[in-house]
Amino acid sequence: MPGADELDIDHVAALARLALTPEEKSNFSRQLGGVLQHIEQLRKVDVTGVEPTAHAFPVVNVWADDVARPGLTTAAALRNAPAQRQNLVVVPKVVE
Amino acid sequence: MSAAMAAEIHYQTIATLAARLAAGELSAVELMQAVIDRTRAVDDRVRAFNSRDEADALAQAAASDARRSAGEAMGPLDGIPVALKDVIAVEGQPLTASSRMLADFVSPYDATVVKKLRQAGAVLWGRLNLDEFAMGSSTENSAFGATHNPWDLSRVPGGSSGGSAAALAAGEAIATLGSDTGGSIRQPAAFCGVVGLKPSYGLVSRYGLIAFASSLDQVGPFTRTVEDAAMLLQVLAGHDPLDSTSFTAEIPDYRAAVCAGPRSRRLGIPKEYFGAGLDPEVAAAVRAAIAFYAAQGWEIQEVSLPHTEFCLDTYYIIATAEASSNLARYDGIRYGHRSQSAGDVTELYEKSRAEGFGAEVKRRIILGTYVLSSGYYDAYYRRAQQVRTLIRSDFLRAYEQVDALLTPTSPMPAFRHGEKADPLAMYLCDIYTIGVNLAGLPAISIPGGFTQAGLPIGLQLIGRPFREAELLATARNYEQAHDWHQRRPNL
């Protein structure tokens, strides 16, 4: 398991799309360093040959019938949009 | 007149009120008005509610009365005010998760549990405060201010469903719903002296519940008695095609099963749940409960859950990993907070999230992103999932010998606001509750006494998967011989 001091806060914040202040970076690095140090003890567990559990009661291949059913109206779907115009969500330009 | 009948309306049980409504002694509007009056009188001190719509609740109550006069009452919950943790969607009502991110969000649809409550005639009453996005154990992490424990306003109500527990303890609802990812129903129930049930994973639909950690989250009831929990679970439980992890389990008549009493009488005491850090008054209450069951003729066995010491770390890897993924949807584009100072789209994501989320949510997103990131996934996330298998096996092995486990719900009674400033100290509050979520088991916290200082103590009973009826019957066995659940705070 990697060392607790390896958390590169700038890299992880970029991956998480989270703009952190210098103060947050320093606080989180220190606090999460402590948490990661605690987590180190998982190294003690012998997990050789143990299958991972993703869900306590795995239900697999849950299919829904391919049948149209009523959904949200355009007005309801747009009700919480931070910016909208002509029944569309307005977003910053993503192509030059 | 019985003690329950003599209690103020806002402190009566679902069972009592259902009988009184059916007998015509009380109308749903009178009941709702009594709860509104009580809430107006105490909530400026308790601060359990994020929002409430009195006119809407009274209109629902009037509709309930109209159904009843027409002979069309929809069952025992018809006309009973049930308030909801502010992570459960009610169409046309605010849904904030106690976050600035969703401060102005209005639910476009009903959660499945809300649909079921409506079909049962319950009056949907108010949105209750929580730790932002259900991340915390004290309800101090709310963007809208902390909730106060009705038993001692200087103390926390627990969390993350602190508003749900406090509102019920203060008489501001007849029952409430919360959600439990690592103890978020049971620990606040313990801190506030009420009953809190976390159902088996998959018994209750998660559709319309704001996601925190999807493999752990469950919706469940807060009530004044175990019988009330059975009545509310009856409405909530059942398969839902809209939740792909919903389980197809047989749903018994919980209330009848609970009132009939437990069928088996073998109780396990996991030795790892009585270690260092357990408050002596809490330990004494649990020991007294063990003695009670023994005196009732139960077979008491010490059992071992050897991987208990790894539950906390396993939980904080899995829960934060799932949270970092679930909360990626809050990007400022289609709904939620959008930064007004961003240039390009990446900056819009980064700033909207920075402005919308509070410190604990950011911390957990960072941790979850880290444990899932390239190069660390196997060391952290995969390993935690493997340890999760071992934790689950521990419980299943114990159930070869016993039918239920009895433990403290929380290592300590309610602590003071600001007392757990260090995140790790706060995380350690959950050590007796998180194993249950990792294993997907049902568990209940019931009132089990009071400290010298007058703070409630919670007992946790953990059952077999999808055997809620047996678990509730076991809990009621204790409840019927004690009166802790009938005590009320001085407010």
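B:W125 has its place in strand β3 of chain B, and in this predicted model the residue counts as buried, because 30 C-beta neighbours lie inside 10 Å, where 20 or more are needed. If residues up to four places away in sequence are not counted, B:W125 touches B:V35, B:R52, B:A57, B:P81, B:V82, B:A83 and B:A173.

**The sheet of chain B**

- The strands of chain B include 11 that form an open sheet with mixed pairing, in the order β1-β3-β2-β4-β6-β5-β10-β11-β9-β7-β8.
- At the edges of this sheet stand β1 (49-51) and β8 (299-303) of chain B, each of which has a single partner strand, so one side of each is left without a neighbour in the sheet.
- On average, and with direction ignored, neighbouring strands of the sheet are turned by 35 degrees against each other.
- Strands β2(B) and β4(B) pair in the parallel sense over 3 bridges, and within this pairing B:A83 stands opposite B:T176 in β4(B).
- Helix α4 (residues 54-69) of chain B packs on the sheet, where it touches β2 and β3 of chain B, and its direction makes about 160 degrees with that of β3(B).

**Strand β9 and its two partners**

- Is strand β9 (residues 404-408) of chain B enclosed or open? Since 5 of its 5 residues are buried, the strand is largely enclosed by the rest of the structure.
- Strand β7 (residues 266-270) of chain B is joined to β9(B) by 2 bridges, and these two strands run parallel; B:L267 has B:A404 in β9(B) as its bridge partner.
- Strand β11 (residues 456-462) of chain B is joined to β9(B) by 4 bridges, and here the strands run antiparallel; B:L406 has B:L461 in β11(B) as its bridge partner.

**The nonpolar core and a covered helix**

- The largest nonpolar core has 165 residues, and those that touch the most other members are B:I80, B:V82, B:I88, B:V123, B:I444 and B:L472.
- Helix α11(B) supplies the largest share of this core, with 9 residues.
- Leaving aside neighbours within four places in sequence, B:I80 is in contact with B:I14, B:L17, B:A18, B:A122, B:V123, B:I174 and B:A175.
- In helix α5 (residues 112-119) of chain B, the buried residues are B:T112, B:V113, B:V114, B:K116 and B:L117, and what covers them includes β2 (81-85), β3 (123-128), β4 (175-180), β6 (218-223) and α8 (226-236) of chain B.
- After α5(B) comes B:G121, whose phi is positive, near 85 degrees.

**The side of chain B that touches chain A**

- In the contact between the two chains, 54 residues of chain B meet 46 residues of chain A.
- The elements of chain B that give two or more residues to this side are α11 (311-326), α12, α13 (359-372), α14 (378-398) and α15 (423-427), and α14(B) gives the most, with 11 residues.
- Sorted by class, this side of chain B has 28 nonpolar, 13 polar and 13 charged residues.
- Helix α12 (residues 345-356) of chain B has 12 residues and reaches 16 Å from its first C-alpha to its last, close to the 16 Å expected at 1.5 Å a residue.
- In α12(B), the buried residues are B:L348, B:Y349, B:E350, B:K351, B:S352, B:R353 and B:G356.

**Backbone angles to look up**

- As background, most residues other than glycine have a negative phi, and most peptide bonds are trans.
- B:R47, in the loop between α3 (28-46) and β1 of chain B, has a positive phi near 55 degrees, and this residue counts as buried because it has 22 C-beta neighbours inside 10 Å.
- B:F466, in the loop between β11 and α17 (468-479) of chain B, has a positive phi near 65 degrees, and B:F466 is buried, with 23 other C-beta atoms within 10 Å.
- A cis peptide bond with omega of about 10 degrees joins B:G159 and B:S160, and B:S160 is found in the loop between β3 and α6 (162-169) of chain B.

Key
Residues are numbered from 1 along each chain as its sequence is written. Chains are lettered from A and ligands numbered from 1 in the order in which they are written. This is a predicted model: local features need pLDDT of at least 70, side-chain atom pairs count only at pLDDT 80 or more; totals for chains, interfaces and linings use all residues. The expected span of a helix is 1.5 Å times one less than its number of residues. A residue is buried if 20 or more other C-beta atoms lie within 10 Å of its own, exposed if 12 or fewer, and partly exposed in between; C-beta atoms are placed from the backbone. Two residues are in contact if their C-beta atoms, placed from the backbone, lie within 7 Å. Ala, Val, Leu, Ile, Met, Phe, Trp, Tyr, Cys and Pro count as nonpolar, Asp, Glu, Lys and Arg as charged, and the others, Gly among them, as polar. Two strands pair if DSSP finds at least two bridges between them. A nonpolar core is a set of buried Ala, Val, Leu, Ile, Met, Phe, Trp, Tyr and Cys residues joined through C-beta atoms within 7 Å. Axes are lines fitted to C-alpha atoms, for helices over the stretch in contact, and angles run from 0 to 180 degrees between N-to-C directions.
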